[in-house]
Amino acid sequence: MRTSTRSLRRIFAPFALITSATLLLTACGSGADGSGSGGTAQAAVKSGAIPTEDVVSAIRKDTKAAALLPPGVSGLTVAVSVGGTPPGTSYLDDGKTLAGQDVDFAQAVAKVLGLGLRTEQASFEAILPALDSGKYDVGIGNFGVTTERLRTIDFVTYINDGQGFATRADSKLTKVTDLKQLCGLNIATGAGTTFEATLEDNKHVCSDAGKKAYKVQTYSEQGAIWSSVQQGRSDVVMSTINGLRYAVAQQDGLKFLNEFRRLDVGFAFEKGTKLAPAFRAAVDELIADGTYARILEKWGTTGSAIEKSQISPPELKE
């Protein structure tokens, strides 16, 4: 298995610091976002809206969990997708320090395992293919566990999120329970996400019903998704449940419609990774010692709690 041998070449100080001066403020990609045009993702959030409470530094190494790591592994390269608005990964005011629920979980697991993390920004759609090439050891970015992804990726779950819808406050839409309700509308979503896949795979529901197909508008930055909706170029947004709830709470003139379906979310690894047992044990330790709950409370996502971590569980069915 290649992960452990690659990791032997990546030795870093056992202190998980997730900052990088090379990360660009307009970086794109996250499971919860989309956009490739105009403004930074931060434009979608009111000033000072990013929580900064430290819920990680007090964590101590757990020797039992760390013992499950492959021999010689003391540092990993983590690819992170930067979308712009909490609870997804975004930048603090310095323009280089990353903050978000995924970042906190990555740091927390690293502390439990006594690992150092080297973090590299990458677009959401580029991370999963790069895991198999050996460029990264782990990917984070609100990656939902799907049957399609399980063919080439292993996951270690840490939350349960999923798919939902939001729109302008003056929209006549109230709840989307069937994609046929979206026929003839423009739907904004993130490129390379489960949302795009769901929408593209089900376009036939409109033609089957004799209706005009909906149009899928994909973006690589979340700020542009919301601009598209606010300016009327899109009629509705499909994104993560947690991300939509947060964005709607921070912006005027929007409303959250409903949850559409739930998905487990996990750390992403190349297929056959030997890192998975240690990561699962670390997540379970965080649940047991209360850190897990504190992270969710910080980001307002307590509804996404899981009772225990799993390695590559089957996709949740509707």
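Thr 194 is buried, with a relative accessible area of 13%; buried here means under 20% relative accessible area, exposed means over 50%, and partly exposed covers what is in between, using a 1.4 Å probe and protein chains only. Thr 194 belongs to helix α6, residues 194-201. Helices (H or I, at least four residues) and strands (E, at least two) are DSSP runs, numbered from the N terminus. Leaving aside residues up to four places away in sequence, Thr 194 touches Thr 146, Arg 149, Gln 163 and Leu 263, where contact means heavy atoms within 4.5 Å. Along the chain, Thr 194 and Val 145 are 49 residues apart, and their C-alpha atoms are separated by 9.2 Å.

Before we go on, a word about the model itself. It is predicted, so local features need pLDDT of at least 70 and side-chain atom pairs count only at pLDDT 80 or more, while totals for chains, interfaces and linings use all residues. Residues are numbered from 1 along each chain as its sequence is written, and side-chain values use heavy atoms, with hydrogens and water left out.

Now step back to the whole protein. Its secondary structure comes to 11 helices and 10 strands. Of its 318 residues, 58% are buried. Among contacts with a separation of 6 or more, 81% join residues 24 or more positions apart. The accessible surface comes to about 12900 Å², and 50% of that belongs to carbon and sulfur atoms; these areas come from the Shrake-Rupley method with a 1.4 Å probe, and for residues only the protein chains shown count as cover.

The largest one has 44 residues, and the members that touch the most others are Leu 76, Phe 105, Val 109, Leu 113, Phe 267 and Phe 279. At least two residues each are supplied by β1 (75-80), β3 (98-99), α3 (101-113), β5 (138-140), β6 (153-168), β10 (254-270), α10 (276-289) and α11 (291-299). Helix α3 gives the most, with eight residues. Another core, of 17 residues, lies apart from this one and includes Leu 173, Leu 179, Cys 183 and Leu 257.

Not counting residues up to four places away in sequence, its contacts include Phe 105, Ala 106, Val 109, Val 138, Ile 140, Phe 155, Tyr 158, Phe 279 and Val 283. In strand β3 you will find Leu 98, which is buried with a relative accessible area of 6%. Leu 98 and Val 82 are 16 residues apart in sequence and 8.2 Å apart in space, C-alpha to C-alpha.

Next, look at how the helices meet. Two packed helices are described by the angle between their axes and the distance between the axes. Axes are lines fitted to C-alpha atoms, for helices over the stretch in contact, and angles run from 0 to 180 degrees between N-to-C directions. Helices α3 and α10 pack at an angle of about 100 degrees, with their axes 9 Å apart. That makes α3 roughly perpendicular to α10, because angles of 65 to 115 degrees count as roughly perpendicular, those under 35 as roughly parallel, those over 145 as roughly antiparallel and the rest as oblique. On the α3 side, the contact is made by Ala 108, Val 109, Val 112 and Leu 113. Helices α10 and α11 pack at an angle of about 80 degrees, with axes 4 Å apart, so α10 is roughly perpendicular to α11. Leu 286, Ile 287 and Asp 289 of α10 make this contact with Thr 291, Tyr 292 and Arg 294 of α11.

Strand β9 (residues 236-240) is mostly covered, with five of its five residues buried. Strands pair if DSSP finds at least two bridges between them. Strand β9 pairs with β6 in the antiparallel sense over four bridges, and Ala 166 stands opposite Val 237 there. With strand β7 (residues 186-190), the pairing is parallel, over two bridges, and Ile 187 has Val 236 as its bridge partner in β9.

Helix α9 (residues 241-250) is also mostly covered: eight of its 10 residues are buried. Those buried residues pack against β6, α8 (222-230), β9 and β10.

Conventions: A nonpolar core is a set of buried Ala, Val, Leu, Ile, Met, Phe, Trp, Tyr and Cys residues joined through side-chain atoms within 4.5 Å.
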